[in-house]
Amino acid sequence: YADVMLSELNRIDKIVSDLLILAKPEIGQFEKTDLKTVIENVVSLLNTQAIMNNIEIKTDFDGQSFIIECEPDKLKQVFINVIKNAIEASENNGKITIHTSWLDNEQVLMQVQDEGIGIPPERIPKLGEPFYSTKEKGTGLGLMMCNKIIKAHNGTIKITSEESVGTTVHITLPKSPDNV
């Protein structure tokens with residue numbers, strides 16, 4: 001019983017932590033950051049988990065750099081959540097592709113595409129709602145937190161999916177005003 005109790009206490013701790021993050025004031029100090037570096041850091045962080053599940057994470061950058069004004073730690077939080085969701089949806093074997101490119105030379109478009117189980121079309125509109133989750137042990141707060149962070153960065157997040165084919169998360173962020 002002790003193991004079950006400890007496991008549930010850890011789960012409660014995570015839910016409370018997520019709620020506190022949602023309750024915190026808006027994004028703090030923005031700084032000029034290369035989105036490519038942020039993505040590469042997150043991929044190297046999650047690569048071990050992916051390898052343990054026989055999943056390959058591939059990055060594809062259409063450009064040398066993607067300078068934006070952001071709070072890097074908050075975006076890392078979003079990317080970790082989105083990529084972890086992709087790893088969990090892919091189960092064993094498969095590939096996750098992260099494609100980053102300029103969209104109309106005004107915004108950066110980052111797409112995280114997995115080859116997982118996909119999401120039924122009727123569930124997609126509910127994603128990001130508080131406490132709605134497609135995972136057995138999910139809290140439904142992860143995507144809600146991602147939505148809040150991306151919105152605070154004047155960006156958008158959109159999810160497209162096809163069952164038995166996979167899911168793609170599309171994140172757009174505005175480029176830095178003085179981007180070279």
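Visitor: With contact meaning heavy atoms within 4.5 Å, which residues does Ile39 touch, not counting residues up to four places away in sequence?

Guide: Ile39 touches Thr59, Phe61, Phe79, Ile98, Thr100 and Met110, once residues up to four places away in sequence are set aside. Please keep in mind that this is a predicted model, in which local features need pLDDT of at least 70 and side-chain atom pairs count only at pLDDT 80 or more, while totals for chains, interfaces and linings use all residues. Residues are numbered from 1 along each chain as its sequence is written, and side-chain values use heavy atoms, with hydrogens and water left out.

Visitor: Where is Ile39, and is it buried or exposed?

Guide: Ile39 sits in helix H2, residues 35-52, where helices (H or I, at least four residues) and strands (E, at least two) are DSSP runs numbered from the N terminus. Its relative accessible area is 1%, so Ile39 is buried, a term for values under 20%, with exposed meaning over 50% and partly exposed in between (1.4 Å probe, protein chains only).

Visitor: How far is Ile39 from Phe79, C-alpha to C-alpha?

Guide: Their C-alpha atoms are separated by 7.3 Å, although the two residues are 40 apart along the chain.

Visitor: What about Val43, what does it touch?

Guide: Val43 is also found in helix H2, and it touches Ile57, Thr59 and Ile98, again not counting residues up to four places away in sequence. Val43 has a relative accessible area of 10% and is therefore buried. From Val43 to Ile57 the separation is 14 residues in sequence and 7.3 Å in space, C-alpha to C-alpha.

Visitor: Stepping back, how many helices and strands does the protein have?

Guide: There are four helices and seven strands, and from the N terminus on the elements run α-β-α-β-β-α-β-β-α-β-β. Of the 180 residues in the protein, 39% are buried, and among contacts with a separation of 6 or more, 72% come from residues 24 or more positions apart.

Visitor: How do the axes of H3 and H4 cross?

Guide: The axes come within 9 Å and cross at roughly 145°; they are lines fitted to C-alpha atoms over the stretch in contact, with angles running from 0 to 180 degrees between N-to-C directions. On the H3 side Lys74, Leu75, Gln77, Val78, Asn81, Val82 and Asn85 meet Gly142, Leu143, Met145, Cys146, Ile149 and Ile150 in H4.

Visitor: Which of those H3 residues are buried?

Guide: The buried residues of H3 include Lys74, Leu75, Val78, Asn81 and Val82.

Visitor: What is phi at Asn154 and at Ser164?

Guide: Phi of Asn154 is positive, near 60°, and Ser164 has a positive phi of about 65° although it is not a glycine. Most residues other than glycine have a negative phi. Asn154 is in the loop between H4 and strand E6 (156-162) and is exposed, with a relative accessible area of 60%. Ser164, in the loop between E6 and strand E7 (166-174), counts as exposed at 67% relative accessibility.

Conventions
Contact means heavy atoms within 4.5 Å.
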